[in-house]
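Please open the model in your viewer and keep the sequence beside it.

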Amino acid sequence: MKTLIHDVDEERDLAGKLAGVLFLSAGVIALVLLLLPGVENDHRVSVVALAAISLCWGLFCVTLAKPGRHGPWFWHTPAVGSLLFVAGVAASTGGADSPARFYLFFVLVYTTYFYGRHEALPYVLGCVAVALLPLLYDGDAVSDGYIGEVIVVCPTYVILGVMIIKGKELLVSLRERAEALALLDPLTELHNRRAMIDWLRAETEQDSPTGLILVDLDGFKDVNTVYGYPAGDAILRETAERLTGAVGPEDVVARLGGDEFAVLAPDATPEDLRTLAERTVRCLRELRCEDVQLTASVGWVIYPYDAANVDELIATADSCLRGAKVSGKNRALSTLDWAPPDGGGDALAA
């Protein structure tokens, strides 16, 4: 049985826009530094050039860039460039005394939050390396006490970076668990109605032949009435197990609610789906709770032969299921066997 997996990176666009904002901010701040008293500006040409590059890239990110379509270069080239930018602006505006050295917090927080662990750690070390650079070219760094700052700042970069990485990994794990639970039926651990609808919409948007089998247990209300809800829950779990064992590796089983289930079959032919629907009926014929014998009524349809969209597909399958109910139960019907009345059945997607 196939599992439904939704892999949607909702943060990619946010990361691209935020990168643009950071580069725009960095460019503007670099130009402002040249105007401040006490900030070295002997290399103003270099600072203006770096600021111009930063502003151009920032404008591209917030206006023209499409983060979801760009490859790794879109993320790593500017990230590496940002380290060079900080090193260049800091060296041009005072070295160990330059306020530009605190740009590194931009780089650190951004890369450790939006990049994976193995991609982010090199940037943490890059921030440490840039922080150490003034010791190589600024002759006054040691006498001005910059070593003390390095002793404080470099471990701070490493600890802060690791904390953000671990925190983000925990948030991602919790979000994935929440999303998975939102798509699962807690009683049977099958996919739920929402997951089924999402899967059907994704398949029909690709215009792929898609089979849908709706299953309703016959006699289930008697189990709840005579033996109570715990017995009914046990029957529902057994039904889930039997359906899961009856379907193919690419098929999906879902519980829609109550005693209604669904089987979703990608790339199914009418012959394949009829066979699967009949196998579904057979696998549930031996369901029993004490002296209550249960069977299943099944309606099956295929997109796009039986419907033009998801709502019509579900309504048509539901009508075929009702047809199986009124014609004697314990059987599987399709539009080839049953003419749905005008308007279809009770549309589950409504």
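Helices here are DSSP runs of H or I with at least four residues, numbered from the N terminus, and the expected span of a helix is 1.5 Å times one less than its number of residues. Before selecting anything, keep in mind that this is a predicted model, in which local features need pLDDT of at least 70, side-chain atom pairs count only at pLDDT 80 or more, and totals for chains, interfaces and linings use all residues. Residues are numbered from 1 along each chain as its sequence is written, and side-chain values use heavy atoms, with hydrogens and water left out.

Select helix α1, residues 11-33: its 23 residues should span 33 Å at 1.5 Å a residue, and its end C-alpha atoms are 32 Å apart, which agrees. Next, colour its buried residues (under 20% relative accessible area, with a 1.4 Å probe and protein chains only), among them G16, F23 and L33. The cover over the buried residues of α1 includes α2 (44-63), α3 (73-92), α4 (104-114) and α7.

Now move to N192, which is found in the loop between α7 and α8 (193-205). Is N192 buried or exposed? N192 is buried, because its relative accessible area is 15%. Show its polar contacts (pairs of N or O atoms within 3.5 Å, where within protein one must be able to donate a hydrogen and the other to accept it, and residues adjacent in sequence count only if both atoms are side-chain atoms): the side chain of N192 reaches the backbone oxygen of A182 at 2.8 Å, while one of its polar atoms lies 3.2 Å from the backbone nitrogen of R194.

Notes. Helices (H or I, at least four residues) and strands (E, at least two) are DSSP runs, numbered from the N terminus. Buried means under 20% relative accessible area, exposed over 50%, partly exposed in between (1.4 Å probe, protein chains only). Contact means heavy atoms within 4.5 Å.
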